[in-house]
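Hi,

Here is the model I promised to pass on. Have a look at it first, and then read my notes below.

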Amino acid sequence: MLAFLQVSNAMIWIGFAPIISIARSYFNTNTTMIDLQSTIFMIISIPFGFAGTWCLNALGLRKSLVIAAWLNSFGGTIRWIATFSPDPLIRLVVVTVGQGIAACSQPIFLDSPTLMAATWFGEHERAEANMIASVSNPVGIAIGSVLSGVMVSASGDVKWMLFVNAVFSLAVALLVTIFFQNRPPTPPSHSAEEAHFSFSDGIKQLIKNPAYWCLLCGFGIGIGLVSSMSTLFGQFTEAYGYSSDDAGYMSMAMVVSGLFGAGLSGYLVDKTGAFLIIFKCCFVGATGGVLMFYFMNKPGNLALLVTSCALTGFFAFAALPVGLELSVECTFPVNEGLSAGLIWIFAQMVSICIVFSTAAFKENPQCFNSTNSSFFPPPCPEQIQKYYEYPRAIQMCVGMTAVATLTVLFLKTEYKRQQSEASYNKFHTDAYPGGTMPDAIINNGQN
């Protein structure tokens, strides 16, 4: 159910990005206001990220997800209601309000996978469960992008896209409210029933944990880079003759290959427990993909650009469930939602910085003649589209990738949760060699 919530929220988040020109016409506005419909998620996630981590820590998994599910559904419904207004400005304002309400729920969805995996799954199942829940967000982005492109071919189709989003978010909210339970009847592991720090005590423990700071910086920069770059492929490549469809192929290659990478890393971590080795290998591989994109971003290199995005996605998505599980291992018994939540907040800050820095780094404008699909230097006639090159912005991304990878390579930590479970299992094995507590002790405990 958490996966469905992630998909629904991501579809609301990304809905207008693939149809910018149609959305501009429908709302009678400019590109900046359409871009705001997605960037508002990043902006709101910072203050509400702290609220989300507090909810998971204080209210538990079920209450937090129910609250977030209905916020998401309420936001989606408001967006659809906006379509009944004949005034484009009113439609835009109401849709933006709906986007903002849905954005408030995103931090809880992003912070929940580690807590859900720890609460519901055993020690050899957690990474795969975390993987499924974590990658549901980019899966939802891919579904939302495809759905928008398929459903919306004219301004009048926007209302049907918003209707589908609203119905899906409402259905998932009802399912979560009726069927989702806070925890299973029997804890799947010792760590699932062990007492955790309170929210304030957990913050203090994280501040004093140098391994967590290292993970926060390296992993947070990595997430922020992948999140922002996946939305900037079009801007980075358009001045070299690549279309919005080409940028879509790059994003799709990143997501599809990323699903395979995340599945493989989740399986390997559950089977081997080698968190650090797998995590560091993922960062090195993703760095190679980003470097390949930088050097191949030239005219006529579409296949190589798509390959570089696939390579980046494979290793970056593979790092996601491993890094989130590692955040729990190095901070246990801090609440799982808190340790993961602060990483997501920092990642969103990085994304916002990259997006706005990219706009400041644009240079070398090129004029595009759609008649013969050729570029020529400015000045551009009024009817000719102007595109910009972003070499310094891409260099900034390469530099930040290097910083993140070096930080991760120096990361060292104990696996505190595994150690706690191993000690518990060893105690029970030594105390009861047969693996079963004697009947006399059981009966005495029941009396």
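Before the helix pair I want to show you, one convention: axes are lines fitted to C-alpha atoms, for helices over the stretch in contact, and the angles between N-to-C directions run from 0 to 180 degrees. Also keep in mind that this is a predicted model.

With that in hand, take helix α5 (residues 88-120) and helix α15 (residues 336-360): they pack at an angle of about 145 degrees, and their axes are 8 Å apart. The crossing of α5 past α15 is right-handed. On the α5 side the contact is made by Gln-106, Leu-110, Asp-111, Thr-114, Leu-115 and Ala-118, which meet Glu-336, Gly-337, Ala-340, Gly-341, Trp-344 and Gln-348 of α15. Sorted by type, the residues in this contact of α5 with α15 are five nonpolar, five polar and two charged.

Now the overall picture. The chain has 18 helices and three strands. Of its 447 residues, 51% are buried. The accessible surface comes to about 19,500 Å², and carbon and sulfur atoms hold 67% of that. If you count contacts with a separation of 6 or more, 82% of them are between residues 24 or more positions apart.

On to the rings. How many aromatic pairs does the structure hold? There are 12 of them. One is Trp-13 with Phe-41, a stacked pair at 5.9 Å centre to centre and 25 degrees between the planes. That pair links distant parts of the chain, with Trp-13 in helix α1 (residues 2-14) and Phe-41 in helix α3 (residues 31-59), 28 residues apart. Both Trp-13 and Phe-41 are buried. Another pair is Trp-80 with Phe-84, and this one is edge-to-face: 5.2 Å between centres, 75 degrees between planes. Trp-80 has 26% relative accessibility, so it counts as partly exposed, whereas Phe-84 is exposed at 59%. Ring pairs also tie Trp-80, Phe-84, Trp-160 and Phe-163 into a cluster.

Gln-99 sits in helix α5. Is it buried or exposed? Gln-99 counts as buried because its relative accessibility is 0%, and the cut-off for buried is under 20%. Leaving out neighbours within four places in sequence, Gln-99 is in contact with Ile-12, Trp-13, Phe-16, Gln-37, Ile-40, Phe-41 and Arg-79, and that list includes both rings of the stacked pair, Trp-13 and Phe-41. The C-alpha atoms of Gln-99 and Ile-40 are separated by 7.4 Å, although the two residues are 59 apart along the chain.

The other is Leu-162, in helix α8 (residues 158-179). Leu-162 has a relative accessible area of 0%, so it is buried as well. Setting aside residues up to four places away in sequence, Leu-162 touches Phe-16, Gly-76, Arg-79, Trp-80, Thr-83 and Val-95.

- Phe-332 and Pro-333 are joined by a cis peptide bond, with omega at about 10 degrees. Pro-333 lies in the loop between α14 and α15.
- Asn-28 is in the loop between α2 (20-27) and α3. Its phi is near 50 degrees, a positive value in a residue other than glycine. With a relative accessible area of 64%, Asn-28 is exposed.
- Asp-87 belongs to the loop between α4 (61-81) and α5, and at 32% relative accessibility it counts as partly exposed. Asp-87 and Asn-28 are 9.4 Å apart, C-alpha to C-alpha, and 59 residues apart in sequence.
- Asn-301 is in the loop between α13 (275-296) and α14 (302-329). Its relative accessible area is 19%, so Asn-301 is buried, the cut-off being under 20%. Beyond residues up to four places away in sequence, Asn-301 touches Tyr-242 and Met-296.

Cheers

Methods. Residues numbered from 1 in each chain as written. Predicted model: local features only at pLDDT ≥ 70, side-chain atom pairs only at ≥ 80, totals over all residues. Heavy atoms only, no water. Helix = DSSP H or I, 4+ residues; strand = E, 2+ residues; numbered from the N terminus. Buried < 20%, exposed > 50% of the residue type's maximum accessible area, 1.4 Å probe, protein only. Contact = heavy atoms within 4.5 Å. Areas by Shrake-Rupley, 256 points an atom, 1.4 Å probe, with all protein chains shown as cover. Left-handed = near helix turned anticlockwise from the far one by under 90°. Nonpolar A, V, L, I, M, F, W, Y, C, P; charged D, E, K, R; others polar. Phe/Tyr/Trp six-rings, centres within 6.5 Å; stacked < 30°, edge-to-face > 60°.
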